[in-house]
There are 2 protein chains.
Amino acid sequence: MKMIKYNNCNILTAATVVGKKEADGPLGNCFDLCEYDEYFGQDSFEKAESEMARRCLNILFSKANKTHEQTELILGGDLTSQCTGTSFAVNGTDIPFLGLYGACSTVAESLLCGGVFVDSGKTSNAVCFALSHYCTAERQYRFPLEYGNSRTPDAQNTVTGCGAFYLTSEKTGIKITEATIGRIIDRGISDANNMGAAMAGAAVDTIERYFKMSRYKIDDFDLIITGDLGHEGHSIACELFERKEMIMHGKYEDSGRLIYDAEAQDMHSGGSGCGCLATVLGGYLIPKLQRGEYMRILAVGTGALLNKNSALQSRTIPSIAHAVCIESEA
Amino acid sequence: MKMIKYNNCNILTAATVVGKKEADGPLGNCFDLCEYDEYFGQDSFEKAESEMARRCLNILFSKANKTHEQTELILGGDLTSQCTGTSFAVNGTDIPFLGLYGACSTVAESLLCGGVFVDSGKTSNAVCFALSHYCTAERQYRFPLEYGNSRTPDAQNTVTGCGAFYLTSEKTGIKITEATIGRIIDRGISDANNMGAAMAGAAVDTIERYFKMSRYKIDDFDLIITGDLGHEGHSIACELFERKEMIMHGKYEDSGRLIYDAEAQDMHSGGSGCGCLATVLGGYLIPKLQRGEYMRILAVGTGALLNKNSALQSRTIPSIAHAVCIESEA
């Protein structure tokens, strides 16, 4: 196992689009576009999901001041079966495309992989993105919304949101410096309503491996943020850190705990989905790095590698987490 | 748009596992393991699919004489929703894992991406693989087999098979030298029973772009092979080459036409699925390169980026193709 090291991979800018619940949450002011229509003007939730990503990519190109023609690679993924949310969003851009699937870890996977293409000079830039939509995820993993099912206390709410990032070999003041590729961890959990518990072990494994190999210590970071463990998964992760005698110095947080006001918004265990870390990172954390409020963060995407059939067949939920170190030169 | 160039990326060995129909086909003798039980000893088709891949990876490690601990990265994907065929196969290996989704282009995508990690020295080796299973694909994209639906004349048969490749920075006599990342092409086709037609445009676009940027000409190749256009898609691709005045010198073939005996096996338009190119490349073509019968081939994975919902919503089938140039030093 090796640390992936980057010498020349920079984040030029990020763009984010979210839905109503995310706009009404504590980070509502951070996002580029908040759409109150969950259909995004389309006639199906699936089309809405692609339209959300299409708008997010348009905002990214505009903020980056780059054209499709100048862009050499786009990498991304989502939670819909066969990642159609992503492919219909990229359709028409004519940009070379690599589809990724890391469940909710996808945004970290896209930065990690896109970073390798840029850092190695294979391409001089790369757009990395990930997205999720509450309405498509519910009917795919659990039940169609029309059934009006009630939610379990530890259930999380899939974020309707897309986050996109423009990587470049040119200096920008924000750079990706290190990454650790996750391995699949299976703690034997099979409750699809408690994915935070399934993913916590993968997050802790990757963070532990990262710090075994990194030049940095935990205290060198302003923030270590996981993707979407939510309140339940976050507390399990804290317990696992304690058992491993890893002192987190109050630096550890989870995006799923930040994006909603758990009590005022009745969000049970918090946010989840590819869009959770993607929007919190793109809308809230990258600007903090740009302003120099944070100098170094570790973004840890966390993914639960199940599908509806595997849940119905009572299989466990294998999970994965990828860690990416992002630093400010501000 | 850039050609991806590799200076130091070699294929150590390949492994293949197939099902009964593939074993009974003209390439039956080429594969490492032929399993006549479509359940692979499991109690569901989904579990069978992962078991097939698990066996294939075991054979690969054995042929490569490498352990899990020595292996720094594994990349792969499949057609099942949320790629669970892949994640349950990798579960337990403890190898850092990146999940890919490129539909049936996945094996080319995995070689292309794994090659970038190895060539850039980010990892010193990488396992690349892709798989598909007829029984899971049918019920996911079309109908459960138990319905006994009849097939349209231009339908293809999803290959039950897995192909895996061990990449290394050490010289082996077989190397990856160039690759072209596909862009999404949408020819407006929406017939999910005619994916060859949808994918032909993407294949021709990528091959055309490859030869615009490559140091090689078409005639420098022993074979240019697409993934799974089948008989119908192959003939459309030939027509598109003609219109573009690209002379293929009889060098162009499709894996979906090779894996079955179309007439004797009543396979309509031929083979399809991630496992089609993966097994033909791993079992039939890599050995030809190792023996020096072929000196240079262009492997072009072709993927139809649809899902069941997009088909039911009458959406088009966006398609993609990735090209990888593999050369022998024999």
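**Interface of chains A and B**

Chain B and chain A bury about 5100 Å² between them, and 59% of that area lies on carbon and sulfur atoms. Of the area that chain B buries against chain A, 15% comes from Gln82(B), Phe88(B) and Lys122(B), more than any other three residues supply. The model is predicted, and local features need pLDDT of at least 70.

- The contact involves 60 residues of chain A and 60 residues of chain B.
- The rule finds 24 residue pairs in polar contact across the interface of chain B and chain A, with both residues at pLDDT 80 or more.
- Several elements of chain B give two or more residues to the side that touches chain A, among them strand E1 (4–5), helix H2 (45–64), helix H3 (84–90), helix H4 (106–119) and strand E14 (319–328).
- H4(B) gives 6 residues, the largest share of the side of chain B that touches chain A.
- That side of chain B is made up of 25 nonpolar, 21 polar and 14 charged residues.

**Salt bridges between the chains**

- The interface of chain B and chain A holds 4 salt bridges by the rule.
- One of them is formed by the side chains of Lys122(B) and Asp119(A), at 2.4 Å from N to O.
- A search of the whole structure gives 46 salt bridges over all chains.
- Lys122(B) sits in the loop between H4 and strand E6 (125–132) of chain B, while Asp119(A) is in helix H4 (residues 106–119) of chain A, so this pair joins two chains.
- Lys122(B) and Asp119(A) are both buried.

**Salt bridges within a chain**

- Lys20(B) and Asp24(B) meet through their side chains in a salt bridge of 2.8 Å, N to O.
- Lys20(B) is partly exposed at 42% relative accessible area, and Asp24(B) is partly exposed at 40%.
- In the salt bridge of Glu46(B) with Arg139(B), the closest N and O atoms are 2.6 Å apart.
- Glu46(B) belongs to helix H2 of chain B and Arg139(B) to helix H5 of chain B, so the pair ties together parts 93 residues apart in sequence.
- Glu46(B) is buried, with a relative accessible area of 8%, whereas Arg139(B) is partly exposed at 32%.
- In chain A, Glu35(A), Glu51(A), Arg54(A) and Arg55(A) are joined into one network by salt bridges that share partners.

**Aromatic pairs**

- The count of aromatic pairs over all chains comes to 16 by the rule.
- Tyr39(A) and Phe45(A) form a stacked pair, because their ring centres are 4.5 Å apart and their planes stand at 20 degrees.
- Tyr39(A) is partly exposed at 31% relative accessibility, whereas Phe45(A) is buried, with a relative accessible area of 10%.
- Phe143(A) and Tyr147(A) make a tilted pair, with 6.2 Å from centre to centre and 35 degrees between the planes.
- Phe143(A) counts as partly exposed at 42% relative accessibility, and Tyr147(A) is exposed, with a relative accessible area of 58%.
- One aromatic cluster is formed by Tyr210(A), Phe211(A), Tyr216(A) and Phe221(A).

Technical notes. Residues numbered from 1 in each chain as written. Chains lettered and ligands numbered in written order. Heavy atoms only, no water. Contact = heavy atoms within 4.5 Å. Buried area = accessible area lost by both parts, 1.4 Å probe. Polar contact = N/O pair within 3.5 Å; in protein donor to acceptor, adjacent residues only side chain to side chain. Helix = DSSP H or I, 4+ residues; strand = E, 2+ residues; numbered from the N terminus. Nonpolar A, V, L, I, M, F, W, Y, C, P; charged D, E, K, R; others polar. Phe/Tyr/Trp six-rings, centres within 6.5 Å; stacked < 30°, edge-to-face > 60°. Buried < 20%, exposed > 50% of the residue type's maximum accessible area, 1.4 Å probe, protein only.
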